[in-house]
Every structure is written in C-alpha cells, then in structure tokens.
Amino acid sequence: MNKPIEIAIEDLDLGTPAALSESTVTVHIDGKAVDVPAGTSIMRAASLAGTQIPKLCATDSLDAHGSCRLCLVEVEGRKGTPASCTTPCQEGMSVKTQTPRLDKLRKGVMELYISDHPLDCLTCSANGDCELQDMAGVVGLRSVRYEEGSNHLDAGKDNSNPYFSFDASKCIVCSRCVRACSEVQGTFALTIAARGFESKVSPSEENAFLDSECVSCGACVQACPTATLQEKQVIDLGVPTRKVKTTCAYCGVGCSFVAELRGDELVRMVPDKQGGANAGHSCVKGRFAWGYATHSDRITRPMVRETTDSEWREVEWPEAIAFAADRFKAIQQKHGIDALGGITSSRCTNEEVYVVQKMVRASLQTNNVDTCARVCHSPTGYGLKQTFGTSAGTQDFASVQQADVIMVIGANPTDAHPVFGSRMKRRLREGAKLIVIDPRSIDLVKSPHIKATSHLQLQPGTNVAVVNALAHVIATEGWIDEAFVQERCDVASFNAWRRFISLPENSPENLAEISGVAAETIREAAATYAKAGNSAIYYGLGVTEHSQGSTMVMAMANLAMATGNIGRDGVGINPLRGQNNVQGACDMGSFPHEFSGYRHVSDETAREQFTALWGVDLREEPGMRIPNMLDAAISGNFRGMYIQGEDIAQSDPNSQHVAAALSAMDCVVVQDLFLNETSKFAHVFLPGTSFLEKDGTFTNAERRINRVRPVVPPASGLAEWEVTCALSEAMGYTMDYANASEIMDEIAALTPTFAGVSFDLLDERGSIQWPCNEQAPEGTPIMHAQRFVRGEGQFVTTPYVPTDERSTRKFPLLLTTGRILSQYNVGAQTRRTDNTVWHAEDILEIHEADAELRGVADGDWIEVASRAGSTRMRAHISDDIPAGVVYTTFHHPVSGTNVITTDNSDWATNCPEYKVTAVEIRPSSAIAVGM
Amino acid sequence: MTVWFVPRDAAALSVGADAVAAALEARGEHVVRTGSRGLLWLEPLVERADSRDGTRVGWSNVQAGDLSEGVLSEAAANFLGIVEELDYLACQNRWIYERVGIIDPVDPDDYVSHGGMAGLQRALEMSPMSVVQAVTESGLRGRGGAGFPTGIKWQTVAEQAPVPHKGDPVDAPRHKYICVNADEGDSGTFADRMLMEGDPFCLLEGMAIAAHAVGADRGMIYLRSEYPAAIAVMSDAIEKARARGWLGESILGSSCNFDVTIRVGAGSYVCGEETAMLESLEGRRGTVRAKPPLPAIEGLFGTPTVINNVLTIASVPSILARGPEAYAELGQERSRGTQVFQLAGNIARGGIVEVAFGISAHELIFGLGQGTKSGKPLKAVQVGGPLGAYLTADALQVPMAYESLAAEGAMLGHGGLVVFDDSVDMAEQARFAMEFCVEESCGKCTPCRIGAVRGVEVIDDLLASDAPENAEQLLRDLCDVMTQGSLCAMGGLTPQPVLSALDQFPEDFKRVAVRVDVAAQGVVHE
C-alpha cells in the first residue's frame, strides 16, 4: 500500500552556525574559491567548499568554542595556526587545511585525547557512531606514545536518567553537552566543574542527572560526540542501521525526527536538524517517550461486544466493521439520519481526519462531526477568522527570533511546548522583553538568564478585562499605529472599537480590583508592548478555555492591529496549539459547520465542489457540536458515535455528564491505541495506529504541514484511514484510495489553501506552511503580510463579561489547570513510559495562606470539590500562585480533574471553561482509589 | 616640622613597618605613610624630612626596637643619607613610579601637589581623538606582556559605538568599559601591586583619561585577592576620588562621566589572561574565550572594552602631562618609554627599577642588583614570569626591550627578572613549568588541559630513562602541540621555559646517564 520513500537524510555537520550577514566574502580554501556570508567561519566555508576540517568540539548547532584544537589551519600572511571554527573568513583570505605541519599538530592533539580515553572501541556502545573514533582515523593516529599516566578511566557512570546514561570515563570535555543545554535548550543544568585536567561535566552542582535541573530534552545526548552521553536504547540494542524521517505526535510544535531503527525495531528518535519547526531540538516526550507505541496495553485486534457490561470479544476486521455498520444502519433506520455522528482526532493525520469527516458527511449523510479542538482552540479559529479572516496563527516559529517584546498569555511554553519554549528563551536571552499574563508564576517569569519585564498575575477569568485595560492605555496614550490602521483595517470598526476601549470602564484603574493587577503594572506593560519595534503575542489554552475565550482572542487581535504588530517577522498572534494535529484536524473540515479550509457547509460553491467530487448530495445545514450530541444522547435522540483517538470521558469537562451521554447510546465505536475511559462505554473497539505506523501529514501550530512516514508496519494490520474507508464502504459509500498520498491529492483538489500541497512536494521541501497554492507555491510562513485574508482587518468590541463561575462562600477558591513537561494531555501515552519518574500523580498547588487556613500541609491528601463533583489528590504548597487560586494538572485519570470542572463554556464555540472552577479544599485522610 | 615617612606597602609591612610607624607615633612624631620606594632589601626604609616636601634622608631595615632608645640618628650604621641620591634610585627615570614612595597614597592633596591630575586636566582640554593620538605617538605598548600598541587598541574602542550589555533589551543603557588587569600573577612581579599601594590615584587618573579618549562610562579593576593591601588602598582611593569629582558625573567639570569599581579575583592565574578575566568579571568560570571577537569590539558584557595592564594605564597620566614626544624619545626600536623592571629571586638588591628600554639584563642584575644574594655564580635568569625563557649567564648583555629579547627567543612579559644561582636544577625548573600549567590551566583546550599533565609525566620519564631520546622527542613534539595548538598564552607559552631549559642546560636532564657513568666508574674502581 505504501510506496517506499527514499528521503535523503543530510548528516553533514558544517561545524558552526550560519552567519546572517547579507554581504559576501570570497575565500580560498586549499586553492578553491568559495563565496560565503561575511562572518562565516573558515570551518563552515571549507565544509561548503567540500573540505571537512577535522573537529570535535564544533558542531553547527552550537556557537564555536575553539577548545579541541583539531581544526587548526594555516592562513596565508598570518602567523600561527588559528582554529578554523573561531576564525571568521575575510575577503581574499587564503587558507590551507592540509599541510605537514597541520597533520603533525592534529596527530599530536589526537594523541593527547587518546592518552586519556578507554581503548575499548570494539565493545563500546558508540562503536561506529563516534566522532572521536572517526577523527582518530581522519588524522591517521597510529600509536599513542604516552605511557600510562593520570587519566579518568575510573570515572563513574550516572545511570539515574531513565533514558540516557552518562559515562564520565569517555568524556573528552568538549563542552558540547554543556553548550547544548545552555544555548539550545536554555536550561543551564550542565556546567564544567573544576578546571584543568580535573575539568568534568557536572549536572547542577555535581548532582546525578535525575536530581539536577535537567529536563531530559536530549540536546546533550544529541551533542555528545562520544559514548559519554548516550541513549540506553543504543547501549542495549546497538547502533541503528536505517533511518526514517517523520514527525512527533505529541504537542502542536510538530518536531521533525529521524527514527533510527535496527530492522523493524526502533532504537531511538533523533531530532532532525532540517526540521522546520524544531531545527534539530527536541523535548523529553518526543525524544524519549515513545515506548507507549509498543506497550503491552496496546490493543492490536478489533473487538466487539453486545453491551457495555459484557466482555470484549476479539474478532477479525471484517466482523468488526460489519458489526459497527449494522448497528449504525439500524440506528439511522430507527432514530433518523442525525442520530449518528463522529469525532475526529487531533492526534491523527490530516488524511485520517479527512476520511472520518468525509465518512460522516458523505456516508452517514449528516454534518454531525466535531473534533476535540472544540475543547481547546475552537475560540482561536473563531476569533482569528472574525478579525483577520483565517482560523490560524499568523507566524512561523522562527519569527520569534525577530521579536523585541514577547507577550505570553495563558500559556506555559517551557512545559507544554518545550521546543518552541527553548526558541523563545533564546530570543529572551538575546534581549527581547517579556510580558507574562498568567495567574501562575510560570517558569518563564524567572529562569536562568531570563526575567519577565512584567508579570500580570491576574485572577482566573479576567483575561478580557486585562487586555482591554492594556488596549485602553494604548488608545488613550496615543500609541495607536494610525497609519497601519488606516491602510490595513476596516476604519469604521476601528473607530467603534476606539470609542469603546477608551471608555473609563476599560481603564486599568477601573479594572484593577476585578483583575487583581495593579493599574501601574498594566500601564507599564502597555507601554512595553506598544512602543517596541516588534511585539508578538503567544497564547495557549489559558486564553481559549474560558467563557470569554473567543472574545479574548479577538481582544488580542485588536491589540495587534491597533499597534501595527501584524504581517511581518517578529510580530503576530500566535496560538500555541495543544495537540500535534489540532490545526490540521480543524483545517480538514472537522467542525459541523465547515468543510475543509473553513468553508461553511451552506456555501453553495463549496458544497457543489464537494458534491461533484464525492458524487453524493451533502447537507447544507450545520450538524451538532460535541456538547449538543451529548445532550441529544441524554434526551434519547442521538444513539451512535464514531470516536477517533479521543478520550472524551476523561478529557471533556463534567465527566459525569459525558458518562451519562455515552451510556445512553446504542453503538459507540472507539478507534484508539488503548482501552480508555471512553471505551468503557464502547461496543466496538477498532485498534488504531501509533504515529510510528502512520503514513500522512500533521499540521502544526504554525500551519506547517509535516510528513508522517511509516517507521514500522501497523500493529493491527490496517492503516486507520483504511478502517474508516471499510466502515464507509459497509455503510454503502465507497471511498477508494490506494494510499494516503491520494487522500492528500483529494484534499488539495477541494481545499484552496492546500491547492499546491502534495506528498511529492512535501518530500522535496521537507515541510510547507499553508496557504500553499498558485499565489504562494512555496507556502506562507507569515500571514496577512500585504493585506488581511479577509481584506481589511476587522476590529471587534470586546466588553468584559465576568464568568458565572466565581468564588462563593461555599467554593471560595478558583481552580485553574495546566500541564507539566513530562506528561502529555490525559497521559495515555506518557503514563505508559518512564516519564512517570517525573510526575507519578497530579498534585494540587495551593498558596500557603489558603493551606494554613484549611489545616493542609505539604504532601497531605485533600479533597477538591466543586458544584459539579469532587476528587482527591495530594497538595503541594507553592508560591507560584496567588492566594485564592489553586492549580493542578489533568494527566492522570485517577485524579479525575474533570470530575470537578463544570459545563460552562465559551459563548461562541462551546469551548469548555476548564481554566476557572470555583472549588473548596479540605483535608482528606482517604487514599485515592485507583481506577 | 619634622615629618617621618614609613611605607605602608605590603613588602614593608611584611618586615615590620607598621610596628615602626606605631613606635614613631608613640614618641609623638608626625608620621606619613607612603608607598615603597622599591628598594626592597632596605625595607622598612624609614625617611625623615624637615617639612612635608623637604629633602628626605633615610634609614634602612629599621625595626621598632631600634626606636626604643630614641629617634634614629644620622650617625647610625643604617643611615642612608639623602634617599633620592641612592645609586639605585638616582639612575632611574621614573614616569609611572614618579610619586610612589614619596606621597601618602590616599591623600588627594598630596597627589595633586606632586603633579597628579595634570595629565587628566590636559586630556580634558583635548578632543578624545587627540588623546588617542598622543598615546599612539608616545609609542606606549601594553605592559601586561603582549606589548600591543596601546593607542591602536584605544583607537579601536573609540571607533565603536557603545552598546547595551549582551542580552539586555535594545533600549537598555549603552556602555563601553575600561578594564584594568591587576591580576598580577607572574612569579617575581610586583610592580602593579606597588603602584596600586603607592599611587592609586595615578591608576584612576589613567583610567579616566582612557575613558575620555574612548568614550567609556564604566571602569573595572580586576584585582587579585592575594593583594588585600592593594584592595584596601584602591578602595579608599576610589571613594576619595569620587568625593573630589575625579570620578563620577562630569569629571573635573567636563562632560566626561566615568566611575570605577573593583572586582576581586579568586586566585586563578589564568584569569590574568584578558578573555578569562572578562569571563570572571561577568561572574562566570574563568575560562579563556576564543578571539575574535576582540575585546576592543566585543568585550565585557559584549561592549567595546579597553583592557590594559596597571602599568600601561598608569603610564598615561605622565605621558599626557609631560608630552608624548618626551616619552617616545626614550627607549629603542619599537620599545619606547620606560619599563618598570622587577628584580627578584636570588638577587642581592631586589626591587623596582623604572628605566628606559634598552638597559641590559647584566646591568640590571649586576649593576643595580649586585648579583646573587647567595654569592654563588648566576646560572640563569627567567625573564617575563613563569612562562618566560631563561637567559644564561652568557646572554645577559641583551638589551631589555621587546624586539631584542624576542630575537633571543625570550620575552619581556611583565618585566620581571628572577635570578637563579648555580644550585638550581633546570630539569626541575622545566618540570615545574609543566606542573604550573597543570595547576593553572583553565581546562578548556586540549593541548593545555591534557598536554601539561603529560608534560610532567614525560619529563619524569625522561629523567628516569636510560634511553631518554624517545622521551625527549615526545617532549619536543608535545611542546610543539602546546605552543601552536593552545587556545591562549597559558598553554602556548608553557613550553618556552621547558625548551629553554632543555636547550640551554641539557646536562641537567641527563641524570640517569650521569648515574650510569658513576656506576660504570664504580665498577672500574672495584
């Protein structure tokens, strides 16, 4: 079914990063002329000219260090032998990289290295994948004349990290790990301790890796040229023999990886330097936490059962498909066509999502399709469509490198989007200013070499009040970019907005009490944002998962338009999307009112295109959203559901309500990797494919379409889209594709923003940011550059309306939720990996004053109750949150966080208000009951 | 009124100067504490004048007990007569050290009345570029060891725009820095210390002139922790200079704003290397940075930075005050002006000798220093610190100047001369050079980090071997790798004393051979 794909994987390391200069110099490397940007190192210029100068401490992801002294060269007219990594090219420079003098020096340096290195190459785990070994060969070292002297051969191993080992005896003290931790990851967990011959790599203050600040991103392992820092998988299994480029399936950053295998056994995932989203970086999840794919809990055979209280029965694929089709047909016959619906998954590929929504619309003949984006970023789609005309972020990730001011609202990038978080931190270390709007003191507020200029520590639920106050200051202080507004925006809507926002009710002074943010702090932040050259807003679910989520998205859009911060590098409105393909799932027509490309189902032109190509009549009225389907199920009108890769019984709010709705259905079909909370209510379980088995595309938060390539064959024997097609066929509508590539071809034919996209183009270019069509054949990194997609930017007035969910005497604390680095979403994947060493349970963070008042001590079991329900977890006393606010994560089903969240939701999109729940805390002696 | 002068310099304190001063004061005498004249074998050297600025006569090696009988007598055996007429001082040409030992180092009035601040006054009347020009014309070169032309360095910094600290926002305050390297770690050198203890305002004045010349607003003195007295004097002087308007906003009523702070080092020799010093000043581990970028373009906190040695900066006030031409007339070739030589080791009369470049080592050691202290024959002189080469007794006619020493395979360094008599084992000295590098290497680059350790081992092998040719070849190869391959002068110069010893004193490396000979003779005798 899949044509073999041969993608060239570029391993060439140019030694030093690219120079950014626009002027060019010509240098002669061993007589060969090469033109390079001014500031390019001799080493890089030589690489570009085809000459690899020996090196150990240099690698092109890190600034030149100049310590190994293998890369010495001779420069005509200069005395000495400068290091080629730290010496920039100058016009007309003539360099010799190979001379008898240099050969002797390099041999001498290598002789020193090897005089302090174990001579166990043949049994070393890096045998064949070791730069020290390579360089010893390159310089032609044939003997070590030094007799046994002082050495580090007895230095110990640190195996504390579950994924990699540190063998100090093999360390050559090149500092690549230390520099990667600082420059790339920005955690500064590693340093060199002591000096001289005693110099050694030290996690924190000579701690074990696991006890240090290390976040296990793997950058150090990636950077290590020897076996010193190495994946335990490689030590256990051996060096990989083949490679497949693919895309991570965790968060919305969408990192490119090279899967390295021995046969069909995955050895390691290595971040891809060519990756458009990650440029060679990774986090603990993508780099290491993929073991769930082969976890023994995986269900790989289809299963059915008559009733949800009977035992599952393993069956062959045809029987499972027939079982589901028969039940679905029966439901439609008995309860009408609209008694069925489907949910697409943000974890699945564009192609898989596309066929599910196609099946629902074309085969089930209903528009009752929705997606889990409903519960996360639906307000983003709505708000940005209203104001700018496109339901997506405006920038590429690289844009942050040009930002002078970065405003982070309701997002915690270093935990939830760590690879982008590192990119952001790099820019912050370079001098960009940071404004954080968050009830919590997230890591970015103060971390090594980073300190927020302003932290607006607002009360949960008052986002709109705070952003209105910021806009009020900007409008009334005269900081509006009038030229931008006049030229690019709808002036009538702007005038209305300006009148509204200038009202005294929107002043910081008026909103200080409600928001809990001092007026002066808001005024300072407004000045910082408005007066910078480039100001960019990055936000997360702390913006969208509110009753005014859509309002807030539009309020931020107003702010960006009013200050002219849109349409170029370094600015924009950037949602940090939660799941790997939440952007794609939305793009692919997963919403009940929209076809792919966000065209309304009532749009005649669009519908006719689909009707023509699909060869079937399509409904023009929107279908039901998830909450409506669940409500209809409880009232008996909605009886069957196809749920693709989404555990709504755990992840959706007010779990009791979801359970009741699912229980009321006649046929729940779950397509997933594992049995989960939702499958407890299912009649058919269709085994899904892990990302390692998928063939298709994911679209990340920057609209980047990345290829997902099959690394191993599907454990269940079928691709997910094949299963969906089989069910559709059984229901009477044929969807005939030979492979995933053909599905993308159909998407391209029907979706204007995808018109130019094909697997061939993706294989050629690596990735593409939509829109990609005739106007933008190479894709669109920055949107709204010349004009807004909707024409003129639309201002929307955004009155602050307090949520109904507020603290009361009975529920005096406000609970807000978030994520931590090592776990992902409801934890279905990460809980099935060694990541549990970092986060074995969800914990409630509570301020000391609130804890004391309730007699709660650090580590105590407590009961958290809201008007929706109650659950138990352990308390952690923290000053990251203000008094009156409590915080937890929702990674573990046992903690049942969503038992207590309410069914409040965004007024425009029904996105649940996860981020504000009034609760009370009381000590509990009971031990949490496992589920 | 009779005034007594007792040094407060650490060298004098170490031989009882405080007790002497206390004893004089106890007798009701008016005592002024000064720096040291630099005639260290005479310390405590106590001087007396009829008035503050009167002619001074002196007594050598005074101890507090000598004063129990009454004040010092001109008839005493240790009476020196008029101090300025002592041959050791009379032959000197003091520019940098013109006030050291004469004034109270922390009395601004004393400083001014002895010509202090004339250089800065003059500089502030000139345009910044004219000041740079004057320094260039004087021929002044860096006295830290590298000998880079100071005017060119200043010119480079002057041409850069000030920038915010690296990592600060674009609208953060913009700076340039004057950093003074007072991490005087070379064995046998003490001129920086004595200048700071004896005339701290001179250094501050020089820094202010540099600041005016290059447009710097901040100064830092990187002062080694081993110099507590210098730290105290400099700190006191900075306070007083601020109070006088010599530092701070609108220096001397000009538009020049410049202030100075002291950063105390933490005992690392390599932090005297300028880039390691920058790392240390920025609060990081003292490891060497690769150049480029040059500190003049991207130095402290990423800003354009002048890094000069204490003696370099302290030369500037007198150059400005007396005129660059007068300075440039001194010396030879491209070694212009004066050098503060420091005579140390096994020498009869150790101390400070500031004279024009070109004096021979022989004149310094035998003329002024009067040969070894032990009275034994001189075997070698190490010039320029622990990484400097050795001059043999036959080579001492070499003029002390950058070019002539380089021609001998030696270097001037910071101007220190350490004398050894014939009891020294040069093989041990070679081994010590490698050992010193083991101890002081920052550990960044491989040739220095591993090479120095192997250097000690190979020398041990060589000395223990009955076939030392292989070990010697390996040692020479290693020295080659260290010299050409090291990131900075620490590893790069360590082979200099090693090879210098090996080449000039090969017999000291032939221990086994000697033993074998003796043994062989023994056999014959049996």
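The model is predicted, so local features need pLDDT of at least 70 and side-chain atom pairs count only at pLDDT 80 or more, while totals for chains, interfaces and linings use all residues. Residues are numbered from 1 along each chain as its sequence is written, chains are lettered from A and ligands numbered from 1 in the order in which they are written, and side-chain values use heavy atoms, with hydrogens and water left out.

**Stop one: the contact between the chains**

Begin by showing both chains and selecting the residues in contact (heavy atoms within 4.5 Å), which number 37 in chain B and 39 in chain A. Together the two chains bury about 3,000 Å², 52% of it on carbon and sulfur atoms; buried area is the accessible area, with a 1.4 Å probe, that two parts lose on being put together, summed over both. Within chain B, select B:R449, B:R454 and B:Q484, which lose the most area to chain A and together make up 21% of what that side buries.

Next, select B:D171 and A:K433, whose side chains meet in a salt bridge at 2.7 Å, N to O (a side-chain nitrogen of Lys or Arg within 4 Å of a carboxyl oxygen of Asp or Glu). Between chain B and chain A the count is five salt bridges.

The largest share, seven residues, comes from α19(B).

**Stop two: B:K176**

Move to B:K176, in the loop between β7 (174-175) and β8 (177-182) of chain B, where strands are DSSP runs of E, at least two residues. This lysine is buried yet has no salt bridge, and the nearest side chain of opposite charge, B:D217, is 8.9 Å away; buried means under 20% relative accessible area with a 1.4 Å probe, protein chains only, and Lys and Arg count as positive, Asp and Glu as negative. Its side chain reaches the backbone oxygen of B:V214 at 2.8 Å, and the backbone oxygen of B:V157 lies 3.0 Å from a polar atom of the B:K176 side chain.

**Stop three: B:D107**

Finally, select B:D107, in the loop between α3 (87-90) and α4 (108-113) of chain B. Is B:D107 buried or exposed? B:D107 counts as buried because its relative accessible area is 19%. Its side chain reaches the backbone nitrogen of B:D109 at 2.9 Å.

Notes:
Helix = DSSP H or I, 4+ residues; strand = E, 2+ residues; numbered from the N terminus. Buried < 20%, exposed > 50% of the residue type's maximum accessible area, 1.4 Å probe, protein only. Polar contact = N/O pair within 3.5 Å; in protein donor to acceptor, adjacent residues only side chain to side chain.
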